[in-house]
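Hi there,

Here is the structure I promised to pass on to you. Have a look at it first, and then read on for what turned up when I went through it.

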Amino acid sequence: MEKAMKMIGFLQLLLVLSVMSMMVSTQVVEAWGKEGHYMVCKIAEQYLTENTSRAVMELLPETAGGDLAEVCSWADQMRFRFRWASPLHYVNTPGVCTFKYSRDCHNSHGEKDMCVVGAINNYTAQLESYGDSSTTYNLTQSLMFLAHFVGDAHQPLHAGFEADEGGNSIIVHWYRRKTNLHHVWDVSMIETAMSDYYNKDQDVMIDSILKNIDNEWSEEVNQWATCRKKTATCANDYASESTRLSCEYAYKDVEQDSTLGDEYFQSRLPVVEKRIAQGGVRLAAILNGLFDSSFSQNQMKLPLKSRFTNIVQKF
């Protein structure tokens with residue numbers, strides 16, 4: 001009887017530990033949060049050409065219902081199935097405000113190209129084989145990975161400092177709730193914005209960002225979308241921007257156990273919304289460059305097709 005009770009107690013302990021592990025995992029897995037990734041992809045959808053939209057529809061899994069935004073968080077959901085892909089969601093610098101690919105793009109084992117910039121380059125290259133019946137790539141997964149990682153690269157703390165894991169180890173209070181700085185940028189600011197300004201409606205927030213693209217940021221859009229690289233994407237630029245914004249906005253005036261409230265929120269929210277907009281425009285630019293060779297650059301200066309032919313499969 002005593003042995004049986006000990007066994008029950010042990011099993012209960014395992015159950016508690018399992019639940020705790022799931023709770024911790026939930027915080028770690030999110031990147032931009034589901035809402036942020038959804039918005040990036042919804043914005044991208046608005047700028048896809050008809051040819052590109054057809055290609056994307058053909059590659060999407062049935063579960064997406066023809067909507068790219070529905071699978072933009074897929075890479076987070078698969079993070080524990082594809083553990084090798086965890087380093088592909090971010091890049092860290094050694095505590096400096098500049099990103100350098102040769103120094104910073106690697107995993108914890110020192111394997112090169114294993115970071116969010118390398119991942120964007122890699123899956124863009126894989127998607128260039130679309131239409132080739134001999135391709136061995138799973139292009140559905142390539143598309144879902146690419147859409148997600150372009151979003152990740154635009155979250156400033158996905159290109160933060162190695163020492164604090166992109167703000168994950170900086171404990172703060174978001175108003176009255178205890179969390180960490182990375183989670184504030186992934187989720188909390190978007191949730192607070194939706195609650196305070198957008199009637200808790202994700203579509204209203206997306207519409208607001210789209211209006212800013214057409215108005216406030218209209219003269220910048222061509223610059224966002226232009227990429228003159230011949231053998232790689234411009235993901236280096238995305239990471240460099242994010243690292244700079246981490247220093248100028250995310251980390252600025254924040255210490256362990258800081259309380260972040262209205263002043264931090266209102267001064268940083270414009271950065272969050274603009275990064276979501278840039279991520280969407282640039283994702284559309286990459287996809288149009290891949291899937292529509294007849295695209296005329298009459299609205300945005302988009303990447304030219306066949307820019308990525310010299311990249312080989314890395315993952």
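Among contacts in the chain between residues at least 6 apart in sequence, those joining residues at least 24 apart make up 73%. Please keep in mind that this is a predicted model. The chain has 315 residues, and 53% of them count as buried. Its secondary structure consists of twelve helices and three strands.

How many of the residues of α6 are buried? The count is twelve of twelve, so the helix is mostly covered, given that buried means under 20% relative accessible area. The buried residues of α6 include V116, V117, I120, Y123 and L127, and also N121, N122, T124 and Q126. And what covers them? Among the elements that do so are α3 (50–59), α5 (101–104), α7 (139–153), α11 (235–250) and α12 (262–291).

Next, have a look at how α7 meets helix α2 (residues 33–46). The two helices pack at an angle of about 110 degrees, and their axes are 10 Å apart. Angles of 65 to 115 degrees count as roughly perpendicular, and α2 and α7 are therefore described that way. On the α2 side the contact is made by H37, V40 and C41, while α7 brings A147, H148, G151 and D152. Sorted by class, the contact of α2 with α7 has three nonpolar, three polar and one charged residues.

The C-alpha atoms of W74 and A147 are separated by 9.5 Å, although the two residues are 73 residues apart along the chain. W74 is in helix α4 (residues 74–77). Is W74 buried or exposed? Its relative accessibility is 13%, so W74 counts as buried. Apart from residues up to four places away in sequence, W74 touches F82, Q141, M144 and F145.

Most residues other than glycine have a negative phi. E165, which is not a glycine, has a positive phi near 55 degrees. Where is E165? Its place is in the loop between α7 and β1 (171–174). With 51% relative accessibility, E165 counts as exposed. D257 is not a glycine either, and its phi is positive too, at about 70 degrees. D257 lies in the loop between α11 and β3 (258–260). Its relative accessibility is 52%, so D257 counts as exposed.

Happy viewing, and do write back with any questions!

Best wishes

Conventions: Residues are numbered from 1 along each chain as its sequence is written. This is a predicted model: local features need pLDDT of at least 70, side-chain atom pairs count only at pLDDT 80 or more; totals for chains, interfaces and linings use all residues. Side-chain values use heavy atoms; hydrogens and water are left out. Buried means under 20% relative accessible area, exposed over 50%, partly exposed in between (1.4 Å probe, protein chains only). Helices (H or I, at least four residues) and strands (E, at least two) are DSSP runs, numbered from the N terminus. Contact means heavy atoms within 4.5 Å. Axes are lines fitted to C-alpha atoms, for helices over the stretch in contact, and angles run from 0 to 180 degrees between N-to-C directions. Angles under 35 degrees count as roughly parallel, over 145 as roughly antiparallel, 65 to 115 as roughly perpendicular and the rest as oblique. Ala, Val, Leu, Ile, Met, Phe, Trp, Tyr, Cys and Pro count as nonpolar, Asp, Glu, Lys and Arg as charged, and the others, Gly among them, as polar.
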